[in-house]
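These notes are meant for a colleague who is opening this structure for the first time. Please keep the view at hand while reading the numbered points.

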Amino acid sequence: MTLRVLVWNENIHESRGDAHVNSLYPEGIHGAIAEGLRELLGDEADVRTATLQDPEHGLSEEALDATDVLLWWGHIGHDQVSDAAVERVYRRVHAGMGLLVLHSGHYSKIFTRLMGTTCSLKWRGDGERELVWTVDPRHPIAAGVPSPILIPEQEMYGEFFDIPEPDELVFISNFAGGEVFRSGVTYRRGNGRVFYFSPGDQEFPVYHQPEIRRVLANGVRWAAPSGASLPLTADYHPAGWFEG
């Protein structure tokens, strides 16, 4: 069965005409991520894109009905995402849809709601070297991924990262300034799988790196629904239904 993948990007830097971001990502960050997924997943997946500017942010009931795994990139437009769209994604994750939350998406409405914490962290935007170390080489998301991944320039993210204890810790990063960060963590929410992966600031060409693309393709495979979905709504059972 073909995986139905939706890459969502707030697309604000690109749509505002940020020359530097557009030079790195002429097809948008969503376009670069989608390109990598198509390259590595091939016929295994049908990869689509959507942005904040689309009707219903591209996250209508119909769009989510046609999505097995959603990738989410956001940065400066978290408050512009409607609560109705967040609610739809939230329910879909619990029903079995996979979710990959990327970089500054840690502050997105959907991730903070799923985590139940502030998801705050330390950061510094100096363009430092990042090393992404695999700490669980048996995990499917780490398959074929070198350890460490060397990212020549990247925004620093550092601990403390205010998230619940991860179900699995797959990657840890360290930076030239000495900070460390839990850069790849997984969770289960309802029947859905969630993977947070931090590398990918808009100021640097991180999503063109083959190693990063491998992590995302592995993440899509891992997060894909593996069984029957849970119902999206609760059923009303009148008194005495069991006896009758």
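1. Two strands are said to pair if DSSP finds at least two bridges between them, and the elements themselves, helices (H or I, at least four residues) and strands (E, at least two), are DSSP runs numbered from the N terminus. With that in mind, the hairpin of S7 and S8 has four residues between its strands, and Gly178 in this hairpin takes a positive phi near 100°.

2. Please note that this is a predicted model, in which local features need pLDDT of at least 70 and side-chain atom pairs count only at pLDDT 80 or more, while totals for chains, interfaces and linings use all residues. Residues are numbered from 1 along each chain as its sequence is written, and side-chain values use heavy atoms, with hydrogens and water left out.

3. The sheet is open and has nine strands, which follow the order S2-S1-S3-S4-S9-S8-S7-S5-S6 with mixed pairing. Strand S2 (45-51) and strand S6 (149-158) stand at its edges with a single partner strand each, so one side of each has no neighbour in the sheet. From one strand to the next the twist averages 25°, where axes are lines fitted to C-alpha atoms (for helices over the stretch in contact) and angles run from 0 to 180 degrees between N-to-C directions.

4. Strands of a sheet pair through backbone hydrogen bonds, in either the parallel or the antiparallel sense. Here S7 (residues 168-175) and S8 (residues 180-189) pair in the antiparallel sense over five bridges; Glu168 stands opposite Thr186 in S8, and Leu169 has Val185 of S8 as its bridge partner. Strand S5 (residues 122-134) is also joined to S7 by five bridges, and these two run antiparallel, with Phe171 of S7 as the bridge partner of Thr134.

5. Helix H3 deserves a careful look. It has 14 residues and reaches 20 Å from its first C-alpha to its last, close to the 20 Å expected at 1.5 Å a residue, the expected span being 1.5 Å times one less than the number of residues. Ten of the 14 residues of H3 are buried, and the helix is mostly covered; buried means under 20% relative accessible area, exposed over 50%, and partly exposed in between (1.4 Å probe, protein chains only). The cover over the buried residues of H3 includes S1, helix H1 (12-15), S2, S3, S4 and H7. After H3 comes Gly42, whose phi is positive, near 55°.

6. Not counting residues up to four places away in sequence, His30 touches Val7, Asn9, Asn11, Glu14, Thr49 and Thr51, contact meaning heavy atoms within 4.5 Å.

7. For helix H7 (residues 210-223), the 14 residues should span 20 Å at 1.5 Å a residue, and its end C-alpha atoms are 20 Å apart, which agrees. Ten of the 14 residues of H7 are buried, so the helix is largely enclosed by the rest of the structure; among them are Ile212, Leu216, Val220 and Trp222.

8. How do the two helices meet? H3 and H7 pack at an angle of about 70°, with their axes 9 Å apart. That makes H3 roughly perpendicular to H7, because angles under 35 degrees count as roughly parallel, over 145 as roughly antiparallel, 65 to 115 as roughly perpendicular and the rest as oblique. The residues making this contact include Ala32, Gly36 and Leu40 of H3 and Arg213, Ala217 and Val220 of H7.

9. A nonpolar core is a set of buried Ala, Val, Leu, Ile, Met, Phe, Trp, Tyr and Cys residues joined through side-chain atoms within 4.5 Å. The largest such core has 40 residues, and those with the most contacts inside it are Leu37, Leu71, Phe171 and Tyr207. H7 contributes the largest share of this core, seven residues. Another core, of 33 residues, lies apart from it, and includes Ala50, Val101, Phe175 and Phe181.

10. Finally, Met97 has its place in the loop between helix H5 (83-95) and S4. Met97 counts as buried, at 4% relative accessibility. Leaving aside neighbours within four places in sequence, the contacts of Met97 include Leu64, Val69, Val89, Gly192 and Pro225.
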